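I opened this model to look up a few things and write them down. The entries below follow the order in which I looked.

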Amino acid sequence: MNLPNRLTMFRMVLIPVIILVYLFPYASAGIVMPVYNIGGISLPLVNLIALVIYIVAAVTDALDGHIARSRNMITTFGKFADPIADKLLTTTMFLLFVSRGIIPVVPVIIMIARDTVVDGCRMMAAANGKVVAAHMMGKLKTVFQMITVALVLLNNLPFELLRLPVSEIMLWLSAFVSFVSGVQYFYSLKDDILESK
C-alpha cells in the first residue's frame, strides 16, 4: 500500500477517535471538561479537541490527493477509498450533530441520499469496467462540508458574534451542492445505469 492510500486509511481510523471524543460520558466518568465563553458564546473544550482531530483528517485528505497526483501514485483503490473516507468522516460528524439536536436532519438526509445514489452509480460503472474519479462538484461538496463541520464545532464563531448564521447557510449550501453533484454523477453515467440487455 502506497503513502496516499495509507493516509486515506489513517483518515478512516480517526473517525472512531472523533466519535469517542465527542460522545464520551465525561461527567459520568468524573471528568470535568471546561467550557470557554467567548463574547457570550459557549465553546466546549470537547469541540475544540474534535476540531483538531477533524482538521488533521482534512489535511490528510488534501495531502493524499496531492501526493498521488504529483508522484503518479493514483491507484484504483485510492479512487474508491478516498471518496469513501471523505463521506464517512463528514457523514459521521453530521450525524453526531443531529444526535445532539445542533443541526436539522433534512440537509443531512439530502447529503446521505446523494452519497447513496453516487455509490450505486459507481458500482454499476465498475460492473462495466469503469472507475469513476471524483468530479469537481463532488470535490466542492467535500470542501463545503468540511467548512460546515468546522463552523458547527466552533458554534459558528466568529460569525455568531455578529449574529450571522454562516454555519447554517453553509450547511444548506452543502446540501444543495451535494444534490447538484449527485445529478451530475447520474447524468455522466446514465448510459451505464440505464442500459438494458
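**Entry 1: H2 against H3**

I am working from a predicted model. I began with helix H2 (residues 45-70) and helix H3 (residues 76-99), whose axes come within 11 Å and cross at roughly 160°. Angles over 145 degrees count as roughly antiparallel, so H2 is roughly antiparallel to H3. I also noted the hand of the crossing: H2 passes H3 in a left-handed one.

Which residues make the contact? From H2 I listed Tyr54, Ala57, Asp61 and Asp64, and from H3 I listed Asp82, Asp86, Leu89, Thr90 and Met93. I sorted the residues of this contact by class and got four nonpolar, one polar and four charged.

**Entry 2: H1 against H3**

Next I took helix H1 (residues 3-23), which packs with H3 at an angle of about 10°. The axes of H1 and H3 are 9 Å apart. Is H1 roughly parallel or roughly antiparallel to H3? Angles under 35 degrees count as roughly parallel, so H1 is roughly parallel to H3. The contact of H1 with H3 divides into 16 nonpolar, four polar and three charged residues.

**Entry 3: the second largest pocket**

I then turned to open space in the model. The second largest pocket holds about 220 Å³ of space. H3 and helix H4 (106-127) each supply at least two residues of its lining. I wrote out the lining as Phe80, Pro83, Ile84, Lys87, Leu88, Thr91, Ile112, Asp115, Thr116, Asp119, Arg122 and Met123. By class, the lining of this pocket has six nonpolar, two polar and four charged residues.

**Entry 4: the cavity**

How many cavities of 30 Å³ or more does the structure hold? I found one. The largest cavity has a volume of about 30 Å³. Its lining consists of Thr90, Thr91, Phe94, Val108, Met111, Ile112, Asp115 and Gln145.

Which helix gives the most to this lining? H4 does, with four residues, and H3 and H4 each supply at least two. The lining of the largest cavity divides into four nonpolar, three polar and one charged.

I looked at the backbone next. Most residues other than glycine have a negative phi, and most peptide bonds are trans. I wanted to know where this chain departs from that.

Is the peptide bond from Leu157 to Pro158 cis or trans? It is cis, with omega near 0°. Pro158 lies in the loop between helix H5 (136-153) and helix H6 (166-188).

Asn156 is found in the loop between H5 and H6 too. Phi of Asn156 is near 65°, which is a positive value in a residue other than glycine.

**Entry 5: the whole chain**

I finished with the overall layout. The protein chain has seven helices and two strands. Read along the sequence, the pattern is α-β-β-α-α-α-α-α-α. The C-alpha trace spans about 60 × 35 × 30 Å along its principal axes.

Note on methods
Residues are numbered from 1 along each chain as its sequence is written. This is a predicted model: local features need pLDDT of at least 70, side-chain atom pairs count only at pLDDT 80 or more; totals for chains, interfaces and linings use all residues. Side-chain values use heavy atoms; hydrogens and water are left out. Axes are lines fitted to C-alpha atoms, for helices over the stretch in contact, and angles run from 0 to 180 degrees between N-to-C directions. Angles under 35 degrees count as roughly parallel, over 145 as roughly antiparallel, 65 to 115 as roughly perpendicular and the rest as oblique. A crossing is left-handed if the near helix is turned anticlockwise from the far one by less than a right angle, and right-handed if clockwise. Contact means heavy atoms within 4.5 Å. Ala, Val, Leu, Ile, Met, Phe, Trp, Tyr, Cys and Pro count as nonpolar, Asp, Glu, Lys and Arg as charged, and the others, Gly among them, as polar. On a 1 Å grid over the protein atoms alone, a cavity is a set of points where a 1.4 Å probe fits but cannot get out, and a pocket is an open set with protein on both sides within 12 Å along at least five of seven lines; lining residues have an atom within 4 Å of a point. Grid points are joined across faces, edges and corners, and a volume is the space filled by probe spheres set on the points.
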